[in-house]
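Biologist: I would like to go through this structure with you. Could you take my questions one at a time?

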Amino acid sequence: MLPVATLLALALGLLVSGRDTGVARWSTRAMNGLMRWYTTLAPAVIFVVLVPTFVSLHRQGRPGRLLAYVMGWLALKRLAACLFGVVVTWLAFGLPLLPSHSTGAPFEAARTLYSSSGLVLSSPCFVALYAGIVTSFAALRAPRVARSLERAADALERAGGAVQCLVPLFMFGLGAYLRSLPAQLATQTHGGPLARASMGSLSLGAGSAGGLMVSYLLVSGIVGAACLGFHAASLLRMKAALPEFSLRDYFVNYWLKVYPLLWASCSEALATPLNLHLVRKCYPAVPQELRLFVVGLGGWLNVNGTLICAFVMAGAAARVVGHQISLLELTLVVPIVFLLGYVVPGVPGELALFAAPLGEALHIPAHLRPSFIALYIGFNFGLPDSFRSGQNSTDSCVSALQLLGRLTRRRARGAGASGTARPASP
């Protein structure tokens with residue numbers, strides 16, 4: 001399985017680089033090159049994914065009010081996932097309420113909002129988002145352009161599947177890079193002590209390669225617990241609203257059949273056909289249009305696991321490189337994570353798109369930002385990727401069921417009100 005291979009490759013990279021300094025030097029150059037390549041490619045990925053998605057939405061042809069209701073409900077759940085991720089990160093790493101490097105909360109809020117607004121207006125990632133929205137409207141009147149962009153998006157998804165095979169190789173290089181990272185960070189912090197982030201009786205730190213390996217496992221555990229906890233809360237809400245909903249049938253007939261594939265492949269796109277099949281088979285009451293919209297486009301609409309993971313990764317990477325962030329700062333970047341969540345492609349490593357914007361929005365010092373980005377990307381591969389993929393796709397099923405219940409109750413109330421206002425003739 002991919003997560004197991006990822007862990008073994010990471011451990012092997014740590015071990016080999018400790019015996020051969022040449023491997024560590026090679027991995028450092030490779031990781032630095034990857035950071036430059038990633039910064040250039042990320043906006044293009046956002047554009048290619050966004051345009052076909054918007055074109056698909058325009059072609060759905062559903063009533064505008066129903067579409068707005070479904071989108072609004074999913075957006076509220078997305079916001080809840082962001083705030084849940086902030087709280088989990090705050091509690092797990094013991095972040096202070098207010099930043100210690102500013103004159104106070106009002107100043108820090110103004111500074112973060114100012115930098116975030118500048119980021120939203122000028123960041124290449126957000127420019128690609130705006131360009132994608134405009135292009136999607138033009139593509140509706142240019143079928144050839146729309147088809148070309150759809151083929152590009154399909155190729156990107158296929159490439160994402162192929163990248164799965166390269167993840168262990170990447171993690172081997174990351175392991176070698178982590179071996180040399182403590183010395184790099186010591187230089188960047190002018191020889192000062194590296195920060196450690198406490199989590200109960202355990203801690204995260206960059207003082208050694210072994211410490212970074214333990215940090216990776218601890219971060220994976222936090223992400224897994226957070227994603228499973230959020231999913232459990234959604235199921236409990238579903239059970240409270242619909243007492244006849246069977247948790248046992250859900251786990252036996254649906255969850256256990258799709259979650260292993262999601263966990264092993266780290267790809268919502270790869271598991272979408274199976275997910276659609278199981279939702280149709282297990283819950284035939286869900287209308288086709290609702291199933292195709294919520295589950296079929298779940299990799300774009302319903303990425304709550306990714307959003308939770310984005311905050312945990314940011315908190316962990318910032319603390320390991322020695323930069324203290326606060327609950328206030330993390331809360332103020334919720335709009336950035338919320339919006340960027342609409343342009344992730346649903347493939348392994350998709351959280352990499354968040355790294356640079358969050359590094360800038362959280363005011364990670366320029367000399368620490370490359371290490372922050374490398375750790376952020378490295379932490380998200382493997383086990384965290386597995387947990388967030390499983391959460392994203394299975395939560396799409398629960399969201400479809402929750403929406404079905406809410407829409408059914410709305411129609412019942414509407415019919416009742418209509419009947420009261422205009423009773424039938426005897």
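Biologist: Is Arg248 buried or exposed?

Modeller: Arg248 is exposed, at a relative accessible area of 60%. Here buried means under 20% relative accessible area, exposed over 50%, and partly exposed in between, with a 1.4 Å probe and protein chains only. This is a predicted model, in which local features need pLDDT of at least 70 and side-chain atom pairs count only at pLDDT 80 or more, while totals for chains, interfaces and linings use all residues. Residues are numbered from 1 along each chain as its sequence is written, and side-chain values use heavy atoms, with hydrogens and water left out.

Biologist: Which residue forms a salt bridge with Arg248?

Modeller: Asp249 does, with 3.9 Å between the closest N and O atoms. The criterion is a side-chain nitrogen of Lys or Arg within 4 Å of a carboxyl oxygen of Asp or Glu. Asp249 is partly exposed, at 36% relative accessibility.

Biologist: How many salt bridges are there in the whole structure?

Modeller: The search finds three. One of them joins the side chains of Asp395 and Lys77, at 3.1 Å from N to O. This pair links distant parts of the chain, as Asp395 belongs to helix H17 (residues 383–421) and Lys77 to helix H3 (residues 64–93), 318 residues apart. Helices (H or I, at least four residues) and strands (E, at least two) are DSSP runs, numbered from the N terminus.

Biologist: Are Asp395 and Lys77 buried or exposed?

Modeller: Asp395 is buried, with a relative accessible area of 0%, and Lys77 is buried at 9%.

Biologist: What about Asp385 and Arg388?

Modeller: Their side chains meet in a salt bridge of 2.6 Å, N to O. Because they are three residues apart in helix H17, about one helical turn separates them.

Biologist: Now the aromatics. How many aromatic pairs are found?

Modeller: Eight aromatic pairs are found in the whole structure. Tyr250 and Phe251 form one that is edge-to-face, with 5.3 Å centre to centre and 80 degrees between the planes. Rings of Phe, Tyr and Trp (its six-membered ring) pair if their centres lie within 6.5 Å; planes under 30 degrees apart count as stacked, over 60 as edge-to-face and the rest as tilted. Tyr250 is buried, at 0% relative accessible area, whereas Phe251 is partly exposed at 31%.

Biologist: Which other ring does Phe251 pair with?

Modeller: Phe251 also pairs edge-to-face with Trp255, at 5.6 Å centre to centre and 70 degrees between the planes. The two are four residues apart in helix H8 (residues 247–265), so about one helical turn lies between them. Trp255 is buried, with a relative accessible area of 16%.

Biologist: Which residues do the ring pairs link into a cluster?

Modeller: The cluster consists of Phe245, Tyr250, Phe251, Tyr254, Trp255, Tyr259 and Tyr283.

Biologist: On to cysteines. How many disulfides does the structure hold?

Modeller: It holds zero disulfides, a disulfide being a pair of cysteine sulfur atoms within 2.5 Å. For Cys227, the nearest cysteine sulfur is that of Cys309, 6.2 Å away. Cys227 is buried, at 1% relative accessible area. For Cys397, the nearest cysteine sulfur belongs to Cys282, 7.5 Å away. Cys397 is also buried, with 1% relative accessibility.

Biologist: Finally, how many helices and strands does the protein chain have?

Modeller: The chain has 17 helices and two strands. Of its 426 residues, 52% count as buried.
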